[in-house]
Number of protein chains: 4
Amino acid sequence: MCGIIGVSGIADAARLTYLGLYALQHRGQESAGIVAINRDCNARSHRGMGLVSENFDDTALDRLPGDVAVGHTRYSTTGSTVLANAQPCSVNTRLGTLAIAHNGNLTNAVELKRELVEKGAIFTTSSDTEVLVHLIARSDAETVEGQIRDALEQVEGAYSLVIAAGRTLYAVVDSRGFRPLVLGRLGSGMVIASETCALDLVGASMACELEPGDFVRIDDGRVTELPRLSPRPVSRCVFELVYFARPDSTVFGESVDRVRRELGRELARERPATGDVVFSVPDSSNAMALGFSEVSGIKLEHGLIRNHYVGRTFINPTQNHRVEKVKIKFNPVRDVIHGKSCVVVDDSLVRGNTSRSLVRMIRAAGAREVHLRLASPPITGPCHYGIDTPTREELIAASHSIEEIREFLGVDSLGYLSLDGMLRAAGSHTGFCHACFSGQYPTPVPEDLVQLRHASPLIATPA
Amino acid sequence: MCGIIGVSGIADAARLTYLGLYALQHRGQESAGIVAINRDCNARSHRGMGLVSENFDDTALDRLPGDVAVGHTRYSTTGSTVLANAQPCSVNTRLGTLAIAHNGNLTNAVELKRELVEKGAIFTTSSDTEVLVHLIARSDAETVEGQIRDALEQVEGAYSLVIAAGRTLYAVVDSRGFRPLVLGRLGSGMVIASETCALDLVGASMACELEPGDFVRIDDGRVTELPRLSPRPVSRCVFELVYFARPDSTVFGESVDRVRRELGRELARERPATGDVVFSVPDSSNAMALGFSEVSGIKLEHGLIRNHYVGRTFINPTQNHRVEKVKIKFNPVRDVIHGKSCVVVDDSLVRGNTSRSLVRMIRAAGAREVHLRLASPPITGPCHYGIDTPTREELIAASHSIEEIREFLGVDSLGYLSLDGMLRAAGSHTGFCHACFSGQYPTPVPEDLVQLRHASPLIATPA
Amino acid sequence: MCGIIGVSGIADAARLTYLGLYALQHRGQESAGIVAINRDCNARSHRGMGLVSENFDDTALDRLPGDVAVGHTRYSTTGSTVLANAQPCSVNTRLGTLAIAHNGNLTNAVELKRELVEKGAIFTTSSDTEVLVHLIARSDAETVEGQIRDALEQVEGAYSLVIAAGRTLYAVVDSRGFRPLVLGRLGSGMVIASETCALDLVGASMACELEPGDFVRIDDGRVTELPRLSPRPVSRCVFELVYFARPDSTVFGESVDRVRRELGRELARERPATGDVVFSVPDSSNAMALGFSEVSGIKLEHGLIRNHYVGRTFINPTQNHRVEKVKIKFNPVRDVIHGKSCVVVDDSLVRGNTSRSLVRMIRAAGAREVHLRLASPPITGPCHYGIDTPTREELIAASHSIEEIREFLGVDSLGYLSLDGMLRAAGSHTGFCHACFSGQYPTPVPEDLVQLRHASPLIATPA
Amino acid sequence: MCGIIGVSGIADAARLTYLGLYALQHRGQESAGIVAINRDCNARSHRGMGLVSENFDDTALDRLPGDVAVGHTRYSTTGSTVLANAQPCSVNTRLGTLAIAHNGNLTNAVELKRELVEKGAIFTTSSDTEVLVHLIARSDAETVEGQIRDALEQVEGAYSLVIAAGRTLYAVVDSRGFRPLVLGRLGSGMVIASETCALDLVGASMACELEPGDFVRIDDGRVTELPRLSPRPVSRCVFELVYFARPDSTVFGESVDRVRRELGRELARERPATGDVVFSVPDSSNAMALGFSEVSGIKLEHGLIRNHYVGRTFINPTQNHRVEKVKIKFNPVRDVIHGKSCVVVDDSLVRGNTSRSLVRMIRAAGAREVHLRLASPPITGPCHYGIDTPTREELIAASHSIEEIREFLGVDSLGYLSLDGMLRAAGSHTGFCHACFSGQYPTPVPEDLVQLRHASPLIATPA
């Protein structure tokens, strides 16, 4: 879960990148970084832990001159939470300085790292992106493009990349197309971004979405298509549409908002419920609740209010006044709920703890019945392609029946959308990755990947 | 615009207050403070600029021991934006140490201050609350209760107050009842708060709402009703219901969410519109759009997505990429809007600039028509009772006809809810203050109040 | 222990004040503040906890425009360590805004505070300066000058004051003249400062030192002598010369460095020692060791090296590696000390703990003998006039004989300079306060002063 | 200019390292870092820009458990001022995790870096230490010891190193012995440090100083001597004794304080001066002035007072009050200087600007004559072995005659100590590096070293 941006051929590229990162903040709040390259090919970077708004001010942006820039906002996947892991990753190589922003996750990183370390490579972060960087730097190819291609031939997994080599930008999406990447035009320059909402904010007009395997080069705003990567069966991440992307974005050719409303409608058809009111868990399932209300005819209400001032660090009162974090974030509207049979629509269910607390809170506000409807199937396996799902042990649906989950949550009825229903709503695309729901992983998943995620000594980063 | 909390008879009162302030954060983000009093009557305080979550950590809360506490979260009304103005305000007086949290605004503060200064009083802040403090301290009454009463007899305007005098808490609401204040019970202790959503979060059960003129004393969680203040015509602030309070609160005996949906319904009845879709400006007008859709039969959609990661400081890109702040905050959903006749519901219109930008943005996303409906009447005058409205000059409706405003905003049609419609929706209460809409100020408004708000040299605070 | 500055009639007065405070940093490191007043009589202030360099940057100074300024650097005497106590103290009074910087301590503050509180005055700090402010504000005098005079007639104790009233500066020294205050000329403007080293740094030339009871008014750099305060016997603080002032300053008409060398010479005459080497405890007794060496003929060496990077917060290693703070600050030079009989010269002895540790350290470095010589008499009582000495209980010489102290310190011999010797070295002035050495307090010292210093509930500041 | 520490076999090694770094703070104030390794071989690190006291608090030290630690305090030599360059440098290699602290400078780093980059190595810092790390990681040797030896055989220049490989510490000094490194014993553990003053502070007793070429291994406090590096002519840095080391340290077998006093005596013999008083530029030339006074018989005084509160960032007042930074740091004692012929002793002269300002300041304080005596020869070339001297262009003695310098400084006479005189005072050691004075560089100095120091694009670090 990361957001990436590239800018070419636009004055004050760092400021534009900053603006674009603002729109991608939902893709990662752990760290934010920008590398800018000026006319003399000098690269400067600024990176820090936390939000874009916390890391950049006028002074910081003034120190990033240039008309080429790469930006990144990160939510940890592999690699622990330390500044060293913040991207873009900047390195000096034989062919010059590279700045790399990576969205996705490489599934053979542990194996490749082991080989590289044997050959004397040194690693300073626990990020899988560093593996890619080493492969690029060690390639004998005569051009950066050749080096990148060499490296990409060796890696497996999910990657949407923006790479600045000197003043040239490269953008590439793996052949399975797990993660989105779009190209926009702004004046005579180009903007690359994870989602179209970033293009909207910077005022760029959408040029095209990169298809799986697409590899382009951009010099001073001029795009050159490079030979595509070797083809693989397409497997777009369906979770981008279900949960991850912003509803105002267009992802994989689909309006996210439209897909979500359709997921709500499918859910109402597949798992109908009788109730007095239907409401969402704001904001992620708003569109789904709307779709559910539309098809079911049950009246839409706002049964839960979200407190948007919740910071990342919350200090719990002492033992006597222990408060679940979910209570800080959501409060029920008693007037809507009291005495009613409530249909609650949510996008998905991971561990189940938050939903359980929400249900308890809704009941305490006087609900007569609570019916939970989920606009995606049971999550039974971890994502190995860049979404920070917990291990199988923590996934409630990996080891419990739906009836057991219902009982755990304390709801009167529980309904999940089917895999088919979800895919139908997600659009006409034939190629989706739905491994976390179906267990059908589109790439080999090495046994020790789990170890990678658990920070084995070999790859532990001393920070 | 402030949120206030009092806690009595509950261990770790500061931590509970912290939690309650979290729920009242929407009432003021400029500063936050807590004063806690321990068994030995020692008062300690911590205050700072910014959000509750930014100002308090475990260390800060550990330094605030005691089972009595007063908390405040502030949005500047009178008084400039400096730490010295942050509340609660703590002072040593003849009868001991007082900590005061004030929500509201005194309309005769300038006059009283002038008199007090003549008598040798010194002022260290520009807050009107300091006037109150001086009046209390100078009273000859033999008890703190008597001193408070003496002081309140001299002030005019809006005040909901929580005052700690030693280990005793006092809570009082002015006789017109401009601002809300509720009492909740938690075990053997009591919690006072501006809104019920704070009681919900700390787990207190609502005991009662203070009526206009109510004055109570709380010792170790035991409430004593004191003689009420001299009666005045009730004038509850209708804007609390329209915009300011959180929708999950019950204010002036009414569910805020229910009132807002009813405002939307009234609006649809009074100012119908034809359109393909209706949507809100999230989140403040969500309930109103829901009510409008219900009555009008026009399909509810999410046409605007709000970015909740917008920090308070935003650095605008340079001249070339100037971006309106509203664009950072909202993005249209093209798929919902494109080619459609859109009915946009908002709660109110102040200067008009934000709405104008939003309309432009909606049109750029392809809207065929834009019809704006406002769930309150034209705002034609400033609030003198604690809400931070701009001066008359900046209020678009103070000097422009509705047709002129429509033209300025660039909408196809514009409809405001009538005063009667708003009051009907706001509930059966007869006594509302609607001065900002009607110009009927319930108290005398001295000429120089405006000067107070503009920081005349006399009251300028050297910080 | 505080440093104060005033500037009149010089552009960018705040920046000049900042510079002057830099030179007075040794007089107080707890907080620093500046108030600047511009041509329109607008006063702005900036204050913070910690060093001058930590509190002011370009941005902060840019926000303090004007050609009149008052600055203060503070070491807590009365009043706890909180920002609210930081000076200059700014208040709005009947005759306008005042900014006050106070060096000294009022001995009847508790009594006056009690009376003021009875009359309804409110106190927001625990500083005795606030008492003065109230007295000024409550005076019926028709001019600020009159008000200040009224107030000063009521207070007892030590005060050197710089007060800005609008654009006029007042400088005044109490009639006993406890604390120094000098006037310097810079171009057509004037600079007032606690010590001449601040004049040196800002490039001002010394005009005169204020004599006890002097009261002057400065408008746009023009000085007017006002009638002097009622005369009292002069009692200049001798400790300013012994320890507190910077050696490059001229204080009470004497070169501090010269006085200190003379103290060392007197000490060598009065309390001779036989030894191989003599050295100081750097830097406070450097000049005294020089004088001692000169008279005794014993070779001067550098036996102790001071680490100037010691921050204010030092984290002690765990139990196993417990380290005395003095070890962080000083390290012996083994080559100088080993096998030698060492004469160590220090300025004074307060609790004795630091000296004891130093002696142990010197012995561990191989000293054959250690002879401690102190260039002032035994300290037997607290200072009530602004120097932060501990209570009588903690003063080792208040309750122990010189032989007991010698044993406690673990030195082979111990010699204190006599009161007469000290006064002889301090110069021809007849009027010194030497109360901490002699117990002869020049003012009545109320019984409850000690309570004031121990923060009785009455005056506890809730911060 | 760096300080390094290693600890083995002592509980809470990080806290001991912290303490040791405190004592080495004079060797570098740009950044500070500690890596600690616990019983399970897990390494954790904390590094930051600024002083030791600014970077470490209890929380930070608690996060560094273990009985093995490596610490570093850095003053930039090669490599720009960024956090990425802060040491210790931690990396994962084939044989495990390494933490390296380096004092010195490699003279063939540019050449080696070029070769490594050609082979695909990636560099993330501009520090020459990273070159060493790559060489270690790429060695085929079967043990870490072998790898380190392989790497050291390829590098030229100055290095005193402490390396932690898992729980084993290695300490090594290059065969020319440029920089000091000492071993101390504390209980059953060992402490390695740049200077003995660090051993003193942590309470360790000096075990031995590492001789040029020494290479030792320490496991749980047990030291094993490893085969020495190939011998080279010894060239101890004489500047460590003249200026850099702390006077309370023993360096290269000599008491620094004693050497400095001897330098002062030699100076008085070689370059006598007639004057009324002699004084130092505190604190670096204190001992030299003492020696000068001793031999010359001229009375020692304190003519300059140093303000120890000068922070690293100083804001200069505006154009009108421009103040030289030297004035903030030093102030003359008028009483000592006025009307006198002053002999000023300083340790060395680099650019000449500071001395020139000092002289002007001394004259302004009324000196009749100023005679400057320098306790080292003219500096005519840059140091390539780790001391941050400026380029030749900036060294005043590289292009000016002594008479020209005298004139520039504005002194009545100027005397430098001769090379022979300096070496005589520095002790019986035959092998000193005095390249900056004599131009006799003990290693080949590649042409492009200068470019390395000027950050050529090839090695520019994008931070």
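Visitor: Which side chain of chain B does Asp335(A) meet in a salt bridge?

Guide: Asp335(A) pairs with Arg258(B), at 3.9 Å from N to O. Keep in mind that this is a predicted model. The general idea is simple: side chains of opposite charge can pair when their charged atoms come close. With a cut-off of 4 Å between nitrogen and carboxyl oxygen, the 3.9 Å of Asp335(A) and Arg258(B) still counts.

Visitor: How many salt bridges are there between chain B and chain A?

Guide: Four. Polar contacts between chain B and chain A come to 15 residue pairs, both partners being at pLDDT 80 or more. On the chain B side, helix α1 (residues 13-23) gives the most to the face that touches chain A, namely six residues. By residue type, that side of chain B divides into 28 nonpolar, 17 polar and 18 charged.

Visitor: And how much area is buried between chain B and chain A?

Guide: About 5000 Å², with carbon and sulfur atoms giving 59% of that area. In terms of contacts, 63 residues of chain B touch 63 residues of chain A.

Visitor: Let's look at one chain alone. How does the radius of gyration of chain A fit a compact globule?

Guide: The idea is to compare the chain with what its length would predict. For 463 residues a compact globule would come out near 23 Å, and chain A has 23 Å, so the two agree. Its C-alpha trace spans about 70 × 50 × 45 Å along the principal axes. Inside chain A you can count 18 helices and 24 strands, and 65% of the 463 residues are buried.

Visitor: What share of the contacts in chain A comes from residues 24 or more positions apart?

Guide: Taking contacts with a separation of 6 or more, 70% of them in chain A come from such residues.

Visitor: Asp214(A) and Arg228(A) make another pair. Why does Asp214(A) count as buried?

Guide: Burial here means under 20% relative accessible area. Asp214(A) has 15%, so it counts as buried, whereas Arg228(A), at 49%, counts as partly exposed. The closest N and O atoms of Asp214(A) and Arg228(A) are 2.9 Å apart.

Visitor: How do Asp219(C) and Arg217(C) read by accessibility?

Guide: Asp219(C) is buried at 17%, and Arg217(C) is partly exposed at 26%. The closest N and O atoms of this salt bridge between Asp219(C) and Arg217(C) are 2.7 Å apart.

Visitor: Which residues of chain A are linked in a network of salt bridges?

Guide: Glu262(A), Arg265(A), Glu266(A), Arg269(A), Glu270(A), Arg271(A), Glu294(A) and Arg424(A) are linked that way. Over all chains the structure holds 124 salt bridges.

Visitor: One last residue. Where does His102(D) lie?

Guide: In strand β6 (residues 96-106) of chain D. His102(D) counts as buried, at 2% relative accessibility. Beyond its neighbours within four places in sequence, His102(D) has contacts that include Cys2(D), His72(D), Asp128(D) and Tyr159(D).

Key:
Residues numbered from 1 in each chain as written. Chains lettered and ligands numbered in written order. Heavy atoms only, no water. Contact = heavy atoms within 4.5 Å. Buried area = accessible area lost by both parts, 1.4 Å probe. Polar contact = N/O pair within 3.5 Å; in protein donor to acceptor, adjacent residues only side chain to side chain. Helix = DSSP H or I, 4+ residues; strand = E, 2+ residues; numbered from the N terminus. Nonpolar A, V, L, I, M, F, W, Y, C, P; charged D, E, K, R; others polar. Rg over C-alpha atoms; globule rule 2.2 N^0.38 Å. Buried < 20%, exposed > 50% of the residue type's maximum accessible area, 1.4 Å probe, protein only.
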